[in-house]
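Subject: Structure for your review

Hello,

Here is the structure I said I would pass on. My notes on what was found follow below it.

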Amino acid sequence: MITCLGDALFARVGVAAVEVLRKLGVAVDFPGQQTCCGQPAYNAGYAAAARDTARAFLQAFAASEHVVSVSGSCAAMVREEFPRLFAGRPEEAAAVALAARTFEFSQFLMDVLGVQELPVVRHATATLHHSCHTRRLLGVVAQPERLLGMVAGLHYVPLPHSELCCGFGGAFAVKMARISTAMVDEKVDRILDTGAGLVIGLDMSCLMNIEGRLRRRGHHLEVRHLAEVLAAGWQG
Amino acid sequence: VAGVSRASRQAFDARIERALGDEALQKVIAEGQDYMQALIAPARAQPDWPLALDEIARVRAETLAHLDRYVEQFASNVERLGGQVFFAADAAEARRHVVALAQGRGVRLIVKSKSMVTEEIGLNVALEGAGVEVVETDLGEFIVQLAHERPFHIVAPAIHKSLEQIRALFSTAAGRDVGGDPQAMTRYARGVLREKFFAADMGISGANFGVAATGSVVLVTNEGNGRMVTTLPRTHVVVMGVERLVPSFADLEAILEVLPRAGVGLRATAYVTAISGPRRAGEADGPQELHVVIVDNGRSAILGSKYEQVLSCIRCGACLDICPVYRKIGGHAYDAVYTGPIGAVLSPLLDGLACHAELPFASSLCGACSEVCSARIPLAELIRELREDSVEEGLASPAWGVGFEGFAAVAARPRLWSALELAALPLLRLASAGGALLRGRGPLGAWTRGREFPRPERRSFRAWWGRASAPADGPTSRERGGG
């Protein structure tokens, strides 16, 4: 699952995820009918529109054994919200089944593939933004940290106040742009406090928000999805 | 309708700007939250903490499931103990009743202990309108009353006030400088309040909980003012929301364990008071009359709806102490009695969605509130549900509706999606190359006013995958897409 944002704006993240998965021996497919999971509309209160989008999504992934998402919040949409969205409807069984086989990228690597070590080198001081939906809806906290622990040369500095939202929140970032910007400002301050030169995340929507504010404030820290870090530093 | 909602949005934006522009306020809110998080962290890390929250959720759900029965039981027990019970269907009825009680007894001075439901029904204004002096005796409420403001926080009403601001308020009231020493300021308030306690004809309190099995009113307080209010004046009036019951004393155990920690970061509060009826024959103290006013004011409409769980709230304030939005906009931006995440749900439900049309949308749905809620209320989910209701009731902006419907129509047609993406990418690249020129303008204006928009790559992932037979041709993970 490349997600609408990843498809349109961040192809490099999808490419990196494909590279990593293939190197780990996974046969990767990209069902071309996929577009969006419906989360933007769902979270904005447009349930019918979200359901239309989600229905197409269900069809697109009907034949997939596992669905791996490069976005924690899109994975959470499928895992947590799809069963609710289709409760009592003909698609309910398909939604529940898809929820059970959908995973966020780091969650898939750790919990499904059981990755123990990685031939990845990256010399950098890095911090990690635990996206809210990844942390709270999926319960994925340790997985990315353990994966970063497998990267040789990487000095990982935990982000203080990591439980604070970066302020993205989908339509919220635009609808309530002033609040959103104030929130991301604090996130940027905390990131700068760590002294890291590399910010890693699991969700391009949050990273787009964080990077957008970093750049506007004139900072040049590198902002990367975890898959990019792993693909770029892969040895052999 | 559009004009009304535009005005209310403008007013909301103005309140946000006021909060964001107040550096001292920003500091005070963040420090308050950080202080509370540090205090509560050890308790949250205890293995039995989640079990206590489960137990609270169970007790509250049980209460709500049979609320009619528990209310009846509570009321009959209050009466058996010699108290009088009045059911107020709405705020106006509750106000009228309390004003009548005061007037019927020739009351001139009322002391109050902290009560959110009396804020909700606008009781003080009604009493003052009837010529009665009303004095808030909780220190925070006392400060807020002097400032003619609403509580900023449901547990810590004056958390937004600096010592200097409090000194100024007290000094004005005293007609002399009370000094900048917190102890001296507290001594001043104590002196004023002590006289009021002895002079008051009526005491009004809220209720943290009513115990159905015994008819007791339980108050959880720290300053001792609650006991003065409920014992010294001849008449004690309890005003409580109809949902604030527990079946039995045993059901309070988990609540009394969690509420002080979640609310003020303490293992226990200074006082837990259980009031069972007025003074009985032979007793040395206590009021001669006890009146319990049970307020519905929209609550029974919530009962049985998809929002029922919000009535489980024990008013601990934990959601306000972690909310990243409250951290930025503070309590007054909500323009409501109940603020923070619980307020974003409860205020629209009690006052009507149209009165607080912005509140459900002023959330990033990060879920921190749901995570910490002492009663396990899925607050973020309820906020999202309110958005669905806003859309259904036509309160949300029509432009967003058109946008999402259009997006959904395209998203359900993968070929159309791909074609539009192919056409849009070069435009987006051009727009982001325009950079500074487009800052704050156009459809992405709200984004680009504060943030750069990422420069899309030349090709979508979809296009890369299509060419993946020759992957060397496509972007690699080492290639930067952003500008």
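The contact between the two chains (contact meaning heavy atoms within 4.5 Å) takes 67 residues from chain B and 71 residues from chain A. Before the rest, the conventions: this is a predicted model, in which local features need pLDDT of at least 70 and side-chain atom pairs count only at pLDDT 80 or more, while totals for chains, interfaces and linings use all residues. Residues are numbered from 1 along each chain as its sequence is written, chains are lettered from A and ligands numbered from 1 in the order in which they are written, and side-chain values use heavy atoms, with hydrogens and water left out.

Interface

The size of an interface is often given as the accessible area lost when the parts come together. Here chain B and chain A bury about 6,200 Å² between them, 61% of it on carbon and sulfur atoms; buried area is the accessible area (1.4 Å probe) that two parts lose on being put together, summed over both. There are 8 salt bridges between chain B and chain A, a salt bridge being a side-chain nitrogen of Lys or Arg within 4 Å of a carboxyl oxygen of Asp or Glu. One of them joins B:Arg327 to A:Glu186, with the closest N and O atoms 2.8 Å apart. Polar contacts between chain B and chain A come to 27 residue pairs, both residues at pLDDT 80 or more. A polar contact is a pair of N or O atoms within 3.5 Å; within protein, one must be able to donate a hydrogen and the other to accept it, and residues adjacent in sequence count only if both atoms are side-chain atoms.

Several helices of chain B each supply at least two residues of the side that touches chain A, among them H1 (2–21), H14 (324–329), H17 (379–392) and H18 (398–411). Helices (H or I, at least four residues) and strands (E, at least two) are DSSP runs, numbered from the N terminus. H18(B) gives the largest share of that side, 7 residues. The residues of the side of chain B that touches chain A divide into 32 nonpolar, 12 polar and 23 charged. In that division Ala, Val, Leu, Ile, Met, Phe, Trp, Tyr, Cys and Pro count as nonpolar, Asp, Glu, Lys and Arg as charged, and the others, Gly among them, as polar.

From chain A, A:Arg178 lies in helix H11 (residues 177–194). Leaving out residues up to four places away in sequence, A:Arg178 touches B:Ile16, B:Glu17 and B:Leu20. A:Arg178 counts as partly exposed at 42% relative accessibility, where buried means under 20% relative accessible area, exposed over 50%, and partly exposed in between (1.4 Å probe, protein chains only).

Chain B

Chain B has 21 helices and 10 strands, and its C-alpha atoms fill a box of roughly 95 × 55 × 50 Å along the principal axes. Of its 483 residues, 53% are buried.

Strand E2 (residues 109–112) of chain B is covered on both faces: B:Leu109 and B:Val111 on one side and B:Ile110 and B:Lys112 on the other are all buried. E2(B) runs parallel to strand E3 (residues 133–136), joined by 4 bridges, and B:Ile110 has B:Val134 as its bridge partner there. E2(B) also pairs in the parallel sense with strand E4 (residues 202–205) over 3 bridges, with B:Val111 partnered by B:Gly203. Two strands pair if DSSP finds at least two bridges between them.

An open sheet of 4 strands has the order E8-E5-E6-E9 (chain B), with mixed pairing. E8 and strand E9 (271–275) of chain B stand at the edges with a single partner strand each, so one side of each is left without a neighbour in the sheet. Strand E6 (residues 216–221) of chain B pairs with E9(B) in the antiparallel sense over 5 bridges, and B:Thr221 stands opposite B:Tyr271.

B:Asp251 sits in the loop between strand E8 (245–246) and helix H12 (253–264) of chain B. B:Asp251 is buried, at 14% relative accessibility, and its side chain reaches the backbone nitrogen of B:Ser248 at 3.0 Å.

Salt bridges

Over all chains, the whole structure holds 46 salt bridges. In helix H12 (residues 204–216) of chain A, A:Arg215 and A:Glu211 are 4 residues apart, about one helical turn, and their side chains meet in a salt bridge at 2.8 Å, N to O. A:Arg215 is partly exposed at 22% relative accessibility, whereas A:Glu211 is buried at 11%.

Regards
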